[in-house]
Amino acid sequence: SNARDIGAAAPTDGSDEVPPLEIRCFGAFAIAVAGRPVGLASLKPRPRAVLRLLAVNAGRPVHREVIQEALWPDAEPEAGARSLHVALSALRRELEPAAGRGGGEILVRDGDAYRLAIPAGSRIDVLAFDEAVSRARAARGRDDRLTVAAYRAAVTAYAGDLLPEDGPADWIVARRDRARADYV
């Protein structure tokens, strides 16, 4: 994989029970749980889009209203909430088929927000890219060797446009353009 391991901090949210994830958002979306690729073909388009939206946010909580506005912009709030609930249920069945109650969850609810648990040992290309770009910018003008190494890591993590499957969707275009500019 192109991305380095992330998540050196000890998980405190039950994600210590969650197997590591590998998530690729650059070039084409893919996700694996404990090295097992998750087959997304059986999922309908909206649950797949919810997964991609949560994946590109790499562990950061996304408020349910943000998800609803991104994926069901024309729905009444109640209808959007129901659609989101159905999509999340479908995702849980696909991501955590063996998870019993009380087991570590991959798809985590934080109040009115949702996020993917990113346990130690996970490899997330968007995090690797963003961290490498930040390291390069911090080292620029001070340490040429570190700057070059960090930019090389960013170029390695960038395997093509961010979530090309989502085309011109409003929720990804600005982020994709920013990543492409950073890559260039």
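**View 1. Helix H4 covers residues 125–139 of this predicted model.** H4 has 15 residues and reaches 21 Å from its first C-alpha to its last, close to the 21 Å expected at 1.5 Å a residue. The expected span is 1.5 Å times one less than the number of residues. Helices (H or I, at least four residues) and strands (E, at least two) are DSSP runs, numbered from the N terminus. Glycine 141 follows H4, with a positive phi near 85°.

Residues are numbered from 1 along each chain as its sequence is written. Local features need pLDDT of at least 70, side-chain atom pairs count only at pLDDT 80 or more, totals for chains, interfaces and linings use all residues, and side-chain values use heavy atoms, with hydrogens and water left out.

**View 2. H4 has buried residues, among them Leu127, Phe129 and Val133.** Buried means under 20% relative accessible area, exposed over 50%, partly exposed in between (1.4 Å probe, protein chains only). The buried residues of H4 pack against strand S1 (21–24), H1, strand S7 (123–124), helix H5 (144–157) and helix H6 (170–183).

**View 3. An open sheet has 3 strands in the order S4-S6-S5.** The pairing is antiparallel; two strands pair if DSSP finds at least two bridges between them. S4 (62–63) and S5 (107–110) are edge strands with a single partner each, so one side of each has no neighbour in the sheet. S5 is joined to S6 (residues 113–116) by 4 bridges. Valine 108 is opposite arginine 115 in S6.

**View 4. Valine 50 has contacts beyond its neighbours within four places in sequence.** They include Ile67, Trp72 and Leu91. Contact means heavy atoms within 4.5 Å.
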